[in-house]
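Me: I am new to this structure, and I would like to learn how to read its features step by step. Could we go through the sheet and then a pocket?

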Amino acid sequence: MRKHPTETVLEHANITVTDTHATAAWMQAVFGWHIRWEGDSIHDGYSLHIGGAQSYLALYSPPAEIAPSGNTYRTRGGLNHLAVVVDDLDAVEERVKAAGFSPNSHGDYEPGRRFYFHDADNIEYEVVQYR
């Protein structure tokens, strides 16, 4: 019988985006991630996996135009935000701005500092640097 690991690690999350390649481009520029795989996917869509060696985001684009999401904080099962941990919050914030996004909701709290931004698909990201 297989034992449970002492720590469960999130391998990936799968999100629907308008354009997998456009989203991957800004993620490469902002976070330094690389494309791990891409190809045809479920429901005649296209998927692209981007991230690091241990975890990634699966970006999925359906074959037809998709409607923008509403307020996910008021939608059961909605994705509220994705968070990433970085070593240099200020440098990443500059790259977020260079990618055309607007950082907001900056916070300095006990474990570290953070800010948020929305991408072109209105997906919210939290960027955190721990002390």
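This is a predicted model: local features need pLDDT of at least 70, side-chain atom pairs count only at pLDDT 80 or more; totals for chains, interfaces and linings use all residues.

Me: How many bridges join strand E3 to E4, and how do the two strands run?

Reply: Strands of a sheet pair through backbone hydrogen bonds, either parallel or antiparallel. Here strand E3 (residues 46-51) and E4 run antiparallel and are joined by 6 bridges; strands are DSSP runs of E with at least two residues, numbered from the N terminus, and two of them pair if DSSP finds at least two bridges between them.

Me: In what order do the strands of the open sheet lie?

Reply: The order of the 4 strands is E1-E4-E3-E2, with mixed pairing. E1 and strand E2 (34-40) stand at the edges with a single partner strand each, so one side of each has no neighbour in the sheet.

Me: Which strand gives the largest share of the lining of the second largest pocket?

Reply: A pocket is an open set of points on a 1 Å grid over the protein atoms alone, where a 1.4 Å probe fits, with protein on both sides within 12 Å along at least five of seven lines, and lining residues have an atom within 4 Å of a point. For the second largest pocket the largest share, 3 residues, comes from E5, and Trp 33 and Tyr 125 are among the lining residues.

Key:
Residues are numbered from 1 along each chain as its sequence is written. Side-chain values use heavy atoms; hydrogens and water are left out.
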